[in-house]
Structure formats: structure tokens, C-alpha cells
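User: Please take a close look at one part of this model for me. I would like the ligand site, and then the helix packing that goes with it.

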Amino acid sequence: MTVAKKPNNRLKLVLALLATAPALWLAYLISQEISLPTSGLGPDPAEGLLHYLGDWSMIALLVAFSVTPLRRIFKQPMLARSRRMLGLFAFFYVALHLATYIVLYVESSWQLLVADFVERTYITAGIAGFFGLVAMAVTSTKGWRRRLGQNWLRLHKVIYLVIPLALLHLIWLRKDGFGDIALYILWFSILLGERIYQARKPRAALTKGL
Ligand code: HEM
């Protein structure tokens with residue numbers, strides 16, 4: 001029994017280390033910034049930090065969304081065991097991105113936050129996406145899964161709204177240089193296409209879930 005579990009645990013550990021790497025690199029950049037201003041996070045450190053965390057939020061969301069299709073395509077059921085962990089990592093990066101915005105951009109002013117939410121569509125989309133992720137993170141435990149039953153699957157389909165909202169957030173805030181956005185959209189479209197293909201297979205739709 002313990003022997004069979006080992007490869008799963010090793011894969012999960014490798015994925016956890018990979019998911020932690022951007023945070024560790026950020027810690028290094030911040031230490032550089034402290035010892036020599038602008039050497040770690042660029043000429044505008046607040047912007048550098050916000051953008052770094054925004055980029056990794058987007059990538060982490062797409063990585064978490066890739067788990068189920070990859071599991072099916074490569075027939076690796078043990079990947080499913082890492083899905084919750086990768087989803088929580090995505091939530092972690094988005095929460096840090098939001099915290100940076102609250103502390104360094106609106107300087108913890110709820111009035112400014114609400115004004116931005118109302119006036120800037122990219123902030124509205126970002127916050128809406130964040131609330132979707134909060135609902136998923138809170139209900140990601142086994143206890144909530146048991147309590148919600150079929151509704152758990154329905155609730156976790158909110159990811160199909162969260163990622164487009166994150167993409168809209170990015171499209172609306174960007175003024176030029178849309179290369180990375182095009183790649184994110186392509187990545188999301190391929191994953192969505194795989195899911196639609198699976199859902200159209202009558203048995204797969206019933207047994208394979210999200
Ligand atoms: C839903 C998850 C979110 C994702 C995936 C995300 C992703 C990103 C990305 C990729 C960038 C641009 C980085 C770049 O251009 O290099 C960005 C910038 C930004 N994000 Fe987010 N974000 C999210 C949620 C939020 C939330 C909730 C807020 C605040 C309420 C927020 C505020 C900002 C701001 C202020 C910028 C910089 C805008 C500028 O440069 O003018 N984001 N975000």
C-alpha cells in the first residue's frame with residue numbers, strides 16, 4: 001500500500017516545488033530590492049511586484065485548469081490528487097496580487113477600492129474573478145465536497161467564469177503588447193475544447209466530472 005502511494009507523493013512534491021518556485025524567486029527579488037533599490041523589481045517596485053504576481057496568478061490558474069485534460073490525455077489518474085493543491089496555489093498568487101494592490105496602490109483605503117471597482121472595468125473583472133476563487137478555495141475541502149454533493153461540481157464550474165474574467169481584466173488594463181494574452185487565450189481555448197469534446201461523449205460526461 002505505501003509502495004503504491006510513493007510515485008503519487010513524489011509527483012505531488014515535484015509539482016508543489018514548481019508551484020512554490022515563483023514565490024521563492026520573488027523573495028529573492030525583494031531581498032535584492034532591499035539591499036539595492038530598483039535592482040530587484042525594476043524602476044517602479046510597486047508596479048514590478050503587482051505585475052509579477054499578476055503574471056503568475058494567470059499562469060497558475062491555467063496550470064490548475066490543465067490538470068483534468070492532462071490527466072485524461074496522458075491517462076495519469078494520479079494527477080487528480082494534485083488538482084486541489086495547484087488550485088490553492090493559484091488562489092495564493094491571486095490573493096498576494098490583490099493584497100499588493102490594496103496595500104501599495106489604494107493604500108488600504110476602502111473608499112478608493114470601491115471607487116476603482118465602480119469606475120475601472122478591469123478592477124471589476126479582477127474582483128469578480130477573485131470572489132469566484134474564494135468560493136472555490138473555501139469549499140475545496142473533503143468536508144465541503146461531501147456536504148455539497150452534486151452542487152459541489154456545479155459550484156466549481158465557476159472556474160469557467162473566473163478564467164475569462166481574469167483574461168478580460170488583462171485585456172482591459174493592457175495598452176500594448178498583447179502577445180502573452182494571445183497565448184493565454186489559446187491555452188484556455190485548447191483546454192475548453194478538450195472539455196467540450198469530453199462532454200459530448202455520452203459516458204464521459206457522466207463519469208469524468210469537471
Ligand atoms: C482574478 C485573478 C487575477 C489575475 C489572473 C490577474 C492578473 C493580472 C495580470 C496578468 C496583470 C498584468 C501584468 C502585466 O501586465 O505584466 C495584472 C495587473 C493588475 N491587476 Fe490583476 N489579476 C487578477 C485579479 C486582480 C484583482 C482582484 C485586482 C484588484 C482589485 C487586480 C489589480 C490589478 C492592477 C491594479 C494591475 C496593474 C494595472 C496597471 O498596470 O495599470 N488584479 N493582473
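The side chain of H51 places an N or O atom 2.7 Å from an oxygen atom of the ligand. Keep in mind that this is a predicted model.

Which elements give two or more residues to the shell around the ligand? They are α2, α3 (83–105), α5 (121–138) and α8. Of these, α2 supplies the largest share, with seven residues. The shell counts 20 residues, and H51, D55, H97, H169 and R174 are the closest to the ligand. By class, the shell holds 12 nonpolar, six polar and two charged residues.

Now the packing around α2. Two packed helices are described by the angle between their axes and the distance between the axes.

Start with α3. Its axis and that of α2 are 8 Å apart, at an angle of about 160 degrees. Angles over 145 degrees count as roughly antiparallel, so α2 and α3 are roughly antiparallel to each other. The crossing of α2 past α3 is left-handed. Sorted by class, the contact of α2 with α3 has 18 nonpolar, six polar and two charged residues.

Next comes α8. Helix α2 spans residues 45–73 and helix α8 spans residues 159–173. Their axes are 11 Å apart, and the packing angle is about 155 degrees. The cut-off of 145 degrees applies again, so α2 and α8 are also roughly antiparallel to each other. Here too, α2 makes a left-handed crossing, this time past α8.

Which residues meet between α2 and α8? On the α2 side they are M58, L61, L62 and F65. On the α8 side they are I159, Y160, V162, I163, A166, L167 and L170. By class, this contact has 11 nonpolar residues, with no polar and no charged ones.

Helix α2 gives seven residues to the ligand shell. It packs at about 160 degrees against α3 and at about 155 degrees against α8. Both α3 and α8 are among the elements that give two or more residues to that shell. The contact of α2 with α3 includes six polar and two charged residues, whereas the contact of α2 with α8 has none of either class.

Key:
Residues numbered from 1 in each chain as written. Predicted model: local features only at pLDDT ≥ 70, side-chain atom pairs only at ≥ 80, totals over all residues. Heavy atoms only, no water. Axes fitted to C-alpha atoms, helices over the stretch in contact; angles between N-to-C directions. Helix = DSSP H or I, 4+ residues; strand = E, 2+ residues; numbered from the N terminus. Parallel < 35°, antiparallel > 145°, perpendicular 65-115°, else oblique. Left-handed = near helix turned anticlockwise from the far one by under 90°. Contact = heavy atoms within 4.5 Å. Nonpolar A, V, L, I, M, F, W, Y, C, P; charged D, E, K, R; others polar. Near = heavy atom within 4 Å. Polar contact = N/O pair within 3.5 Å; in protein donor to acceptor, adjacent residues only side chain to side chain.
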